[in-house]
Each structure stands twice: as structure tokens, then as C-alpha cells.
Amino acid sequence: MNPWQLPTTRFATLLATIACVAFLSASSALGLDRIRDRNGVTSGKITKMSALSVTITRGGVDTKKPVEDIVSITFDDEPEDLAPARRAAERGRYQDAIDRLGEIDRGDVDRKEIQQEIDYLECLCTAQLALAGQGSLDRAEGKISKFLSSNSRSYRVPETIELRGNVLLAKQDYDGARAQYAKLGKAPAPYFKARSALLTGRSLQAEGDHQQAAAAFDSALDAAKGNAAAESQQLEATLLGAVSQAALGDVEQSTETIKQIIEQSGSEDTQLLAQAYNALGDCHLQAGNAKAAKLAFLHVDLLFRSATAEHARALYELSRLWNDLGQGDRARDAKQRLKEEYPGSRWANR
């Protein structure tokens, strides 16, 4: 099809994409740093960085970007393997990202911010693989601890604190995880207060304290109200809150809430959808409907394998459900895949 014949919305998207690529190419040629946030791309020279904000300067004008608004930063003169490593990590291809990072000669990297970015990506990918049962949680925690002790002014600090909490949660160190999540709540931005409450609720839920978890999710929703950056927390807080409400006995309403979230979510929201279908499976289990639960967990197995932690959970539940439903071969298949794909996962060792 001739691009001039594309529907208006698709043609507008095409033009916007071309303009964005041209802008990024021009910025690179000029030797500029680039910050991508929820509103677009800002280029210039990064002149100040902290755990809460990044200042980028161009033409003598400073622009201060809150960390919670930043999607990613591309640095002038960064190694050619860093950008593809970053993209691989963003897409959940953590081993590919580690492989690309391994191609970088650290001796050629003089700029501290670039060194920090490499270190952060190594932490992120190592931890995410460990969380999926494909690596050591202790090793991941060691890398995270080293990063935080050496890079207190990196804009990646809040993400790394959350990552540390997630690793501790996977080790069932619930108090330790909540201590990390509480650190996020000390930041003044509503986004971090909402994020802290949501993660705290998630840890309480994992520990089985659904009453306190539900209260934490309500706090997350309150903190997110009226703040554009924090609004991204609302769907997840609502979803997890429904799981706890179901565990407390309100199964019917929780099921409807989760179904609405699934309907509202875009197909690109793979992590949220994987969480939602697992949550829906939980609700059906609470209601004693094994067949409906099987279908919910099967959605994650068939459609959302890239959400590795959720996929491991779905395989575990399917291995039990297939057996209960008299399909031993499928139960054994799910169990075998769980052990092969996520050998270190807590689900594989239950």
C-alpha cells in the first residue's frame, strides 16, 4: 500500500516515528545526551544527577527532570553495545542484554554516568533472571548491594532499591523487603509514595496477611490520585487489592474487578495481563471452579511467557490443576517445563 493511502491515524503515527528517529539521529550527530520521558525526548548535556532528578542543559537553559518521569537516558559517546543491551533489557530479554554488556570494554569507558548505566543493567538483568529461577538470588543481591553503595547519586537508585526488595521478597525475607520498599516512600514525589505502598502490600500478600495488604493497596490508590506519574500504579494496586479481597471472602466482586482490568489493558501490557490472569485464576480457585482457573492460568502459559515470574507461577498451578482434572500427561508436561525453564524458582521447588 502506498503510505499516502494509509488511514489518518496510522499515517500520523508513521510520520511521528520518522520524526522521532530523525531527531534522535540528529542529536547523536551533535554529540548530545538524550532523556526520554513520558512526554517525549529532551537533548542536551546532563550537568547534574541525583537519585531524585536529572538536570539536562542546552543553550544555557537547565531543564530538571524528575526521576519518576524518566523512561531512559542515552548518553553521548556511549559504547555501541550499550543501546541494544538497554533495549533487550526493556523487552525482558535479560540474557541477551548481559551478552551485549559483555562485549563492552570497560577500560574505554571514562564517563561515570555511563559506567553507572552498565552496572545498573548488569544488576537488573542478573536479578530478573534470578527472580525467574535462572540464577542465584544471593549473587543478584550482592551485585545490587555493591551498586547502591557505590552509586548513591545515580538516577537508577530508586529502581535498584525496588529490585533489592524484590530479591529479598523472593527469598521470603518479608521484613527485609518491606524495609527496602519503605525507603521509596520517603521520597517526596507521590509516585514513590504510591509505589512504596503498592510494593509493601505485595509483600504482605505474599506472606498471607491479606487484611494488611488490602489496606496498603488502598493507600497506594490514595497516593496516586491526581498525579499523572503515579496514576500508572492504580491498575496494579486495584488488581492486587482484588486478589486480597477475594482471599478475604469477596470472590464475586473481585473476579469482576479483575475481568474489567483485563478488558481495559492493552495487548502490550504483558506483565500486567499476566498478573491479571493469574489473579483471575486465584479467584476461580477460591470459588472452587477448577476448569475456569485452568483457563486463566493457561492464558499466561500460552500468551505471556515473557513475564517469566508470572509464567513460572502459572505452570505450577497448571501442573496441579491438570492432575486434579484427570489429565496426568499434561500435568507432568507443565511440571517438567517448570523445572527446565525455571529450575531455581520457588514454584519449581514446591
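Predicted model: local features only at pLDDT ≥ 70, side-chain atom pairs only at ≥ 80, totals over all residues.
The crossing of helices α11 and α12 is left-handed, a term that applies if the near helix is turned anticlockwise from the far one by less than a right angle, with right-handed used if clockwise. The two helices, α11 (251-264) and α12 (270-286), pack at an angle of about 160°, with their axes 9 Å apart. Axes here are lines fitted to C-alpha atoms, for helices over the stretch in contact, and angles run from 0 to 180 degrees between N-to-C directions. α11 and α12 are therefore roughly antiparallel to each other, given that angles under 35 degrees count as roughly parallel, over 145 as roughly antiparallel, 65 to 115 as roughly perpendicular and the rest as oblique. On the α11 side the contact includes Val251, Ile258 and Ile262, and on the α12 side Leu272, Tyr277 and Cys283 are among the residues involved; contact means heavy atoms within 4.5 Å.

Residues are numbered from 1 along each chain as its sequence is written, and side-chain values use heavy atoms, with hydrogens and water left out. Helices (H or I, at least four residues) and strands (E, at least two) are DSSP runs, numbered from the N terminus.

Staying with the helices, what covers the buried residues of α10? Among the elements that do so are α8 (190-207), α9 (210-224), α11 and α12. The buried residues of α10 are Glu236, Ala237, Leu239, Leu240, Gly241, Ala242, Val243, Ser244 and Ala246, where buried means under 20% relative accessible area, exposed over 50%, and partly exposed in between, with a 1.4 Å probe and protein chains only. Helix α10 itself, residues 234-247, has 14 residues and reaches 20 Å from its first C-alpha to its last, close to the 20 Å expected at 1.5 Å a residue; that expected span is 1.5 Å times one less than the number of residues. After α10 comes glycine 249, whose phi is positive, near 120°.

Helix α4, residues 112-131, has 20 residues, and from its first C-alpha to its last it reaches 28 Å, close to the 28 Å expected at 1.5 Å a residue. Glycine 133, with a positive phi near 80°, follows α4. The axes of α4 and helix α2 (residues 82-90) come within 11 Å and cross at roughly 35°, and α2 passes α4 in a left-handed crossing. From α2, the contact is made by Leu82, Arg86 and Ala89, and from α4 the residues include Ile114, Leu121 and Cys125.

Let me turn now to the sheet. Five strands form an open sheet in the order β4-β3-β2-β1-β5, and the pairing is antiparallel; two strands pair if DSSP finds at least two bridges between them. β4 and β5 (70-74) stand at the edges, each with a single partner strand, so one side of each is left without a neighbour in the sheet. From one strand to the next, the twist averages 45°.

Which neighbours does β3 have, and how is each joined to it? Strand β2 (residues 40-49) pairs with β3 in the antiparallel sense over four bridges, with a hairpin of three residues joining β2 to β3, and methionine 49 has valine 54 of β3 as its bridge partner. β3 and β4 form a hairpin with two residues between them, and glycine 59 in the turn has a positive phi of about 60°. Five of the six residues of β3 (residues 53-58) are buried, so β3 is largely enclosed by the rest of the structure.

Strand β1 (residues 33-37) is mostly covered, with four of its five residues buried. Five bridges join β1 to β2, and the two run antiparallel, forming a hairpin with two residues between them, while aspartate 33 stands opposite glycine 44 in β2. Four bridges join β1 to β5, again antiparallel, and arginine 36 stands opposite serine 72 in β5.

I will finish with arginine 330, in helix α15 (residues 328-341), which is partly exposed, with a relative accessible area of 42%. The C-alpha atoms of arginine 330 and serine 319 are separated by 7.3 Å, and the two residues are eleven residues apart along the chain.
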